Amino acid sequence: MGVIVNKQNEQNDELSRRINADLRAKAMETASVNEDGDVDFAEDADYLRDLKKTGKFGWIWVVLIVLAVISLISIIFL
């Protein structure tokens, strides 16, 4: 009885190891690598798939938000 359980565990361990190796290889193929050599899996998320990166005029939104906050502060306190 103990031999059968041991044999099944060894087969399960081998199967798990092969599945993990296959999944790791597929993940590394689809993942993007940073400048530091780190793998970034955030780009592969489903909710980010159809989004575009911010264009070269994205800084204008930051300036507009800062100006809006400054104007609200000036209206409230002046």
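Colleague: With which residue does E14 form a salt bridge in which the closest N and O atoms are 2.2 Å apart?
Modeller: In this predicted model, a salt bridge requires a side-chain nitrogen of Lys or Arg within 4 Å of a carboxyl oxygen of Asp or Glu. E14 has such a partner, with the closest N and O atoms 2.2 Å apart. The partner of E14 is R17.

Colleague: Which side chain does R18 meet in a salt bridge?
Modeller: The N to O distance of this salt bridge is 3.7 Å.

Colleague: Is E14 buried, partly exposed or exposed?
Modeller: E14 belongs to a network of salt bridges together with R17 and R18. The relative accessible area of E14 is 31%. Buried means under 20% and exposed over 50%, so E14 is partly exposed.

Colleague: How many salt bridges does a search of the whole structure find?
Modeller: For the whole structure, the search finds a total of two.

Colleague: What is the area of the nonpolar surface patch that includes W61?
Modeller: W61 is located in helix α2 (residues 59-77). W61 is exposed because its relative accessible area, 62%, is over 50%. Among the other residues making the patch are F57, W59, I60 and I70. The patch has an area of about 1000 Å².

How values were computed:
Residues are numbered from 1 along each chain as its sequence is written. This is a predicted model: local features need pLDDT of at least 70, side-chain atom pairs count only at pLDDT 80 or more; totals for chains, interfaces and linings use all residues. Side-chain values use heavy atoms; hydrogens and water are left out. Patches are made of residues with over 30% relative accessible area and no salt bridge: like charges are joined within 9 Å, nonpolar side chains (Val, Leu, Ile, Met, Phe, Trp, Tyr) within 5 Å. Accessible areas come from the Shrake-Rupley method with a 1.4 Å probe; for residues, only the protein chains shown count as cover. Helices (H or I, at least four residues) and strands (E, at least two) are DSSP runs, numbered from the N terminus. Buried means under 20% relative accessible area, exposed over 50%, partly exposed in between (1.4 Å probe, protein chains only).
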